[in-house]
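Good morning, colleagues. Please take a moment to look at the sequence and the structure, and I shall then go through them.

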Amino acid sequence: MSLNTNEAREVILSHHTDAQWRRREQEVLQWAAREKQRKHAKKTKLLGHINVDAELFPALMLLQQKQITTEFSCAGVSPLDEPEDHSLYAYLTIIASERTEQFVQLTMKRMRHRLLISFEPARNRYDLSSFYIGHNRSFCQMIKQCAEIFENEV
C-alpha cells in the first residue's frame, strides 16, 4: 500500500493562533539579524552510543526507561553557544506507538502553546519542539517533567 500525497505530509497537531505564528516568525527574523559570537562548544553526554545535548539528556533517559523510542534530539539551548550549528528550537523526535501517543497527549495538555507537535505518517514519528526561540531550556525542563509524570497521569 502506498501513501498518497496528503498522507506523506507532515501534520501539525498543536494549536496556535495567528498572532503566535506571527510572533514566532518575528523572532526568527530578529535572530537572523543579530550578531552571534561563539562562547563555547555544545555540551553533550553519551546516551548509549550516541552523543546527545546535555540539557535534554535527563528527559531522554527517562523516556528510554519508559520504552518511548527517541530518534533525534537537539537542545540548542543557547544560540551563542554554537551559532553556526545551532537549532533555533529544541526538538525531540519520537517513534509512534500507543505509549508515544499517550506521551504526546500529555505534553500537549501540559505544555500547550509552548509546544509545536507534528506527525509524519510516512516515517511514523512525532516531532516535538519548542514553539518560540529562546525557550529551549524551558522546553528541555518541561519535557523532563512530562517524562517524570508520564504513566502517573495517563
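Let me begin with a definition: helices are DSSP runs of H or I with at least four residues, strands are DSSP runs of E with at least two, and both are numbered from the N terminus. What you see is a predicted model, in which local features need pLDDT of at least 70, side-chain atom pairs count only at pLDDT 80 or more, and totals for chains, interfaces and linings use all residues. Residues are numbered from 1 along each chain as its sequence is written, and side-chain values use heavy atoms, with hydrogens and water left out.

Although Q26 and I133 are 107 residues apart in sequence, their C-alpha atoms are 9.9 Å apart in space.

Turning to the whole chain, we find 5 helices and 7 strands. Their order along the sequence is α-β-α-β-β-α-β-β-α-β-β-α. Of the 154 residues, 41% are buried. Where contact means heavy atoms within 4.5 Å, 67% of the contacts with a separation of 6 or more join residues 24 or more positions apart.

How do helices α3 and α5 pack? Helix α3 spans residues 57-65 and helix α5 residues 136-149; their axes are 8 Å apart, at an angle of about 25°. Here axes are lines fitted to C-alpha atoms over the stretch in contact, and angles run from 0 to 180 degrees between N-to-C directions. The angle is why α3 is roughly parallel to α5, a term for angles under 35 degrees. On the α3 side, P58, A59, L62 and L63 take part, and they meet C140, I143, K144, A147 and E148 of α5. By class, this contact holds 7 nonpolar, no polar and 2 charged residues. Nonpolar covers Ala, Val, Leu, Ile, Met, Phe, Trp, Tyr, Cys and Pro; charged covers Asp, Glu, Lys and Arg; the others, Gly among them, are polar.

Finally, I turn to T107, in helix α4, residues 98-111. Is T107 buried or exposed? T107 counts as buried because its relative accessibility is 0%. Apart from neighbours within four places in sequence, T107 contacts R112, L115, I117, L128, I143 and C146.

Conventions: Buried < 20%, exposed > 50% of the residue type's maximum accessible area, 1.4 Å probe, protein only. Parallel < 35°, antiparallel > 145°, perpendicular 65-115°, else oblique.
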